[in-house]
Amino acid sequence: MLLTFERMGALRWILVLWGVLVAAFLLLPVLFIVALSFGSSRWLQFPPPAWTLRWYQELLADPRWLDSILTSFKVAALVTVASVLLGLLAAFGLVRGRFPGREVLRAFFLTPMILPVVVLAVALYALFLRVGLNGTLAGFVIGHLILALPFSIISITGALEGFDKAIEDAAVVCGAHPFEAKLRVTLPALKLGLFGAAVFSFLVSWDEVIVAIFMASPTLQTFPVRIWGVLRQDLSPVIAAASSLLVLLTLVLMAAAALVRRGSRR
Amino acid sequence: MAHGPSTMPAHGLPAAGRAPSLRRWDGLGYVLPAFLLLAFFFVLPVVALLLRSVLEPTPGLENFAKLLTTPTYAQVFLNTFTVAGVVTLASLLAGFPVAWLLAVLPGRWAAFLFGVILLSMWTNLLARTYAWMVLLQRTGVINRALMDVGLIDAPLPLIRNLAGVTIGMTYIMLPFVILPLHATLRAIDPAVLQAASLCGANRWQAFRRVLLPLSLPGVAAGSLMVFVMSLGYFVTPALLGGASTMMLAELIAQLVQSLLDWGMGGAAAFVLLVVTLALYALQVRFLGSGRMTAGGAG
Amino acid sequence: MRTKLILGTAMALFAAGPALAEDMVFTSWGGTTQDAQQEAWAVPFAADHAGVNVLMDGPTDYGKLKAMVEAGSPVWDVVDVEYDFAVQAAKEGLVEPVDFNVVDRKAIDPRFVTDHAVGSFYYSFVLGYNEGASSEPPASWADVFDTDKHPGKRAFYKWSAPGALEIALLADGVAPKDLYPLDLDRAFAKLDAIKGDIVWWGSGAESQQLLASGEASLGQFWNGRLYALQQEGAPVGISWAQNLTAADMLVVPKGAKHKDLAMQFLARATSPEGQAKLAELTAYAPVTPAAQKLMDEATVKGLPDQHTEGQIDLDMAYWADHRGEIADRWYAWQAQ
């Protein structure tokens, strides 16, 4: 009764109201950014004195913005793939494994989250200088992977613990190869955990600025590093324009995904 | 490199830990790639840096002595754990109903709500934090709107204090509790709750005795992520907090990036690490590491 | 990717002539300031030196600088840093001494040149205020501490750096010549009196936002930031009384790969042409007096060197010696 929408009575409207409030809370700054991107005030006055497309023109006239967005995307995508793969393996080991020291290892995997990022940034950069990874894409990906991995491990471990291994064993009893059982039975059941791992990993890399400042080179600048510089130096609404374009892109992708889903259902 | 993205994840699985003679080490092979990555690119460099806390400026424990005897550091430690705790609690309270709603909403509406969450996450974090700053300040949109409708007479102090940090960080952290909670709630079989109702439980009892305990792994995963993440957080507290809510990550950034006092910065980071891991150990001791699943995977 | 780029440029140049391309790296704080430095210095420098590319990197990060010098392989050749850091970095052996056979030391204002650094540009901490926030405009640092006469929040620079403590002492009646060594007890006591009314700004852009939005009524600002606000039509006033000069400096990291080129770059940056062009683009003042003659009147008007009466130079040598201990006290006081 508590997990069936139609049978929840008044409770469901309380939940819906709460959902609307939280959605509004989440959207407020985003809408605000979109509004500011059309405002004429450089100092983010709201409501703006006049409306303009000036910031979009500046954005499109400067190829460094687009370059940095593409770089960020590339780094985040690589980090996501590596983080989910390593996280999945590690989660299997941590949940199913029977070796001593598992709890210690579990805590160990969390430490990159605890350490203030600037400490990791300095330490890793010093190592990279010595092994020649500084200023390289590989180095960049490794730096963010360290930060993303704990999120993957937590997400997937959580999902795997909630999954009843008996189902996988049943598949094996019914004649499936253990590997096939994992691939066909367990992995699909972990869908949401893997999804969470991917989203968090992408996000950690996509928004990260401190390690990125250290890993950056003249030819490797990510979007947050550019924003960081401009926010501190100029506070230009070009940042709002760039963010708004990404919001638009997201909306288009989501709409496309919804259409594809609807099409495939027919 | 330790991870070859070209190989399928599952291909290595059967071979990795199935040898019966190694029963005791079963599963260790799975953990190895992640372990090696962290060992080489995390432990090695970070230990090298933290060692400087006992080597600079002169060998000895003077950095730690200073850390323990200076009231500022105690204050900043206290701030850090207070903010992290408040943010975790706020995120859980705000996020639990949303995760629940996501789990029960009909497909299309759930997809829509998911869309809203992902959309906000995808927008650059620095830009969103800055937007909050403009929204929350004394002359900001929220205060002016509240004053226009006559709810308040004088601007509320919503920024450069605990309120500002809490609003800003809860905002950032919400998805990190909603997603794992949602995953856990979705995995619960609605039949279990029907069974509870058949046995005569009312709504409240069913929530307290069945739904809540079953959702605990998600609660644990989400709050662990949020709490630990908050401890080392830098950008949002720097922009939305005040000097009196200064958190450790800010102070360490000052020491490391501006004053170049790596000995002291390393010492502060080391203490934060030890305290947090100790708290984690306590949690595991008394609550188990989130695996309270009834009849769980064990 | 980088190697490929270098190789590509090298081959292109090889085809054009015998010179081989060299990529030197200039690092600054990003944003329009660095764009201006690129236009005023890097572009003409590369034009004069066949086969040299000046790549832009940044933002400046002292931790990153220290790490690369320690590892013995700096990737930066010229770095824009704050003055007090430049002095400290020289003490810690992180930067090369400037080659004054290449750079003309006598041409640079002696306030903004040391054995290890040359000025990038200079600016002043001035009193900025919102017009109409109080009946009569604030005119001195003492007014900033007078909350009855001038209500509203006060904006101050957040980090431990030269400026705020000096302002507190001047407001308390200390004569400029007696400022150093700083009487820290007295300075903090003075600041304590208005602590609840202070809003801190961590970056130049943030200071502008605070004043433009009316969040702060008055406070301590960089003159160039206020000038920009006025240019955009914001109702902002400036008092130059006892303005405090500070500067950004250019340094060459110890062991820089293109040390010789870097020295030539410093010469170009501090040349009258380079300084005049930068001032025109940014409203920061030139460190080379001869640049004055090359600038148009509109540019000259907003610069600190028009306000030398009562001007005070922040003592960077004092700050470099006491940076650590003052920082300890500063953050302790802030966190209380």
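How many residues of chain A are in contact with how many residues of chain C? In this predicted model, local features need pLDDT of at least 70 and side-chain atom pairs count only at pLDDT 80 or more, while totals for chains, interfaces and linings use all residues. Residues are numbered from 1 along each chain as its sequence is written, and chains are lettered from A in the order in which they are written.

**View 1. Where chain A touches chain C.** Here 25 residues of chain A are in contact with 31 residues of chain C (contact puts C-beta atoms, placed from the backbone, within 7 Å). The largest share, six residues, comes from α11(A).

**View 2. Around Ile252(B).** Skipping its neighbours within four places in sequence, Ile252(B) is in contact with Pro116(A), Val118(A) and Val119(A), as well as Gly265(B), Ala268(B) and Ala269(B).

**View 3. Strands β1 and β2 of chain C.** β1(C) (residues 22–27) and β2(C) (residues 52–57) run parallel, joined by six bridges; strands pair if DSSP finds at least two bridges between them. Look for Met24(C), which stands opposite Val54(C) in β2(C).

**View 4. β1 and β3 of chain C.** On to another partner: β1(C) also pairs with β3(C) (residues 78–82), in the parallel sense and over two bridges. Phe26(C) stands opposite Val78(C) in β3(C).

Definitions and conventions. Contact = placed C-beta atoms within 7 Å. Helix = DSSP H or I, 4+ residues; strand = E, 2+ residues; numbered from the N terminus.
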